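Here's a quick briefing for anyone opening this structure for the first time. Have a look at the model, then read on.

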Amino acid sequence: MILGIDGYLGWPLALRMASKGYEVIGIDNMATRKSVEEVGSISALPIKSMDERVKIANKEFKGKITFVKGDITDYKLICDTIKEHTPETIVHFAEQRSAPYSMIDVNHATYTMRNNINGTINLIYAIRGADLDTHVVKMGTMGEFGTPKFDIPEAPFVDVEIKGKRDKITTPKWGGSWYHWTKVHDTNNLLFANKLWGITMTDIMQGPVYGTRTSEIKSEDLFTRFDFDAVWGTVVNRYCVEAILGEPLTPYGKGGQIRGFLSLQDSMDALTLLIENKPKTGEYRSVNQFMELLSVNEIAEIVKTEAAKLGIDAKIKNVENPRVEEEQHHYNPERTVLPSLGFKLKVQMKDAIGEIIKDLLPNKNRLENYKDVLLPKTRWR
Ligand code: USQ
C-alpha cells in the first residue's frame with residue numbers, strides 16, 4: 001500500500017512494485033496538485049489524471065494498481081482501507097513535503113503540522129486496530145538532523161554521558177523548517193509506537209531527490225510530476241528548468257549548503273531493497289538514504305557543464321538566501337544500512353542532468369509563462 005501514490009516518489013514506486021508483480025493499493029487526496037496550483041505553478045512535465053495514469057500503467061503492468069481517493073487524516077478511511085486489503089507493507093509518503101510551503105504563514109505552518117503528524121498517528125493506530133504484522137516504511141528526511149558539527153549517525157538512539165551518568169537518548173535532531181520539524185515529531189511518535197506495540201518500521205532519512213526517469217518510466221505517458229517553482233521545486237530540478245528557460249541558476253546565499261542527493265532511479269532501487277528486506281518483526285530500523293554529498297554551488301557547476309554539452313549557455317547567480325540555514329558547514333552522515341543490503345549506485349548526478357534537460361526541453365514554451373514563480377517570495381526570518 002502506498003500512501004501518497006500521486007506524488008513525485010509515490011507514482012514511480014507504484015510502477016516499480018507493479019512491474020515486479022506486487023498488488024499495489026494507492027491512496028492520495030491529490031493535495032500536491034492543488035497546493036502547486038495555489039502558488040501559481042504547474043508540474044514541468046505534464047501528468048495525466050490519476051484515473052488515466054492508472055489505466056495506462058495497468059495495461060503495461062497487468063492491472064496491479066488500485067487507486068483509492070482519500071485523505072489519511074480521515075481515520076475511518078485509513079482503517080477501512082487497511083482492513084479491506086491487509087497490506088504486507090505500507091509506504092507512507094502522504095505528507096506535505098515542501099519546506100518553503102510550510103514557511104509561508106501561520107496557516108501553512110499549522111496545516112503542515114496537522115496534516116503530517118495526524119496522518120502518521122492515524123496510520124499507526126489503524127495498523128494496531130487491524131492487528132496485522134505490517135511493515136511500515138516511512139519517508140522521513142535527512143533534514144531532520146540539520147547540519148550538526150558531529151558526524152550524523154544512522155541510528156534512532158545514541159549513547160551519551162550527561163554530568164557523569166551514561167544513558168541512551170534519541171539521536172539529536174534540528175529541523176530547518178516547520179516541514180522538517182514535522183518529520184522529527186513523526187520519528188519520535190513512531191519510536192514511541194514501536195515501543196508500545198512493536199510495530200515493525202523502517203524510518204528513511206532521505207536527501208533531496210532529482211530526475212525524471214526510472215527503469216519503469218520509459219514513455220512520457222508514465223512521467224511522474226516534476227516541480228520547479230521556488231516553493232515546490234527542489235534544487236537540482238529547479239536548476240535544470242532555470243537552464244532551459246535561459247534564467248540564471250540560483251544557489252542561495254554563499255552556496256556552500258551541502259545535502260545528500262540521490263536520483264529518482266536510486267531512490268526507487270533503495271526503497272525496493274528496503275521493502276523486500278524487512279527488518280525483524282518488531283524492529284525499528286533507521287536508514288540514511290542518499291548517494292552524493294554536494295554543495296548547491298557544486299551542483300550549479302555540474303548543471304552548467306552538462307547544459308553546455310546540449311548547447312545551452314547557463315549562467316550562475318547566487319541570490320539572497322530566503323532561508324535561515326548554515327551556508328558553510330560540516331556534513332558527514334553515516335550510511336551503512338543500504339550498502340549492507342547490497343545497494344549499488346546506478347546514477348551519478350553528472351550523468352543524469354543531460355537526460356533531465358532533454359525531457360524538459362519539449363515543454364520549454366509552456367514553461368516560459370511561469371518564470372515569475374522561479375524566485376522565492378517568502379523570507380523565513
Ligand atoms: N537551494 C538553493 N537554490 C535553490 C533552491 C534551493 O540554493 O534554487 C538550497 C536550499 O537553500 C537548501 C538546499 O538547496 O540549502 C536544499 O533545498 P531544496 O529546496 O532542494 O530541498 P529541501 O527544502 O531541503 O527539501 C527537499 C524536499 C523534502 C526533503 C528534503 C531532503 O522537498 O521533502 O525532505 O529535500 S533534505 O534536504 O535532506 O532535508
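This is a predicted model: local features need pLDDT of at least 70, side-chain atom pairs count only at pLDDT 80 or more; totals for chains, interfaces and linings use all residues.

Residues are numbered from 1 along each chain as its sequence is written, and side-chain values use heavy atoms, with hydrogens and water left out.

- Seven strands make an open sheet in the order 3-2-1-4-5-8-11, and the pairing is parallel.
- A word on terms: helices (H or I, at least four residues) and strands (E, at least two) are DSSP runs numbered from the N terminus, and two strands pair if DSSP finds at least two bridges between them.
- At the edges sit strand 3 (65-69) and strand 11 (284-289), each pairing on one side only.
- Strand 1 (residues 2-3) runs parallel to strand 4 (residues 89-92), joined to it by two bridges; Ile-2 has Val-91 as its bridge partner in strand 4.
- Helix 4 (residues 75-85) packs on this sheet and touches strand 1, strand 2 (24-28), strand 3 and strand 4; contact means heavy atoms within 4.5 Å.
- The direction of helix 4 makes about 175° with that of strand 2 (axes are lines fitted to C-alpha atoms, for helices over the stretch in contact, and angles run from 0 to 180 degrees between N-to-C directions).

- Another open sheet has three strands in the order 9-10-12, with mixed pairing.
- Strand 9 (209-210) and strand 12 (292-295) are at its edges with a single partner strand each, so one side of each has no neighbour in the sheet.
- Strand 9 pairs with strand 10 (residues 258-263) in the parallel sense over two bridges, and Val-209 stands opposite Leu-262 in strand 10.
- Helix 10 (residues 296-309) packs on this sheet, touching strand 10 and strand 12, and its direction makes about 95° with that of strand 12.

**Around the ligand**
- The ligand is surrounded by 22 residues, the closest being Tyr-179, Val-235, Thr-250, Tyr-252 and Glu-325 (a residue counts if one of its heavy atoms lies within 4 Å).
- Helix 7 (178-197) and helix 8 (235-244) each supply at least two residues of this shell.
- A polar side-chain atom of Glu-325 lies 2.6 Å from an oxygen atom of the ligand, while a backbone N or O atom of Arg-97 lies 2.8 Å from a ligand oxygen.

Notes
A polar contact is a pair of N or O atoms within 3.5 Å; within protein, one must be able to donate a hydrogen and the other to accept it, and residues adjacent in sequence count only if both atoms are side-chain atoms.
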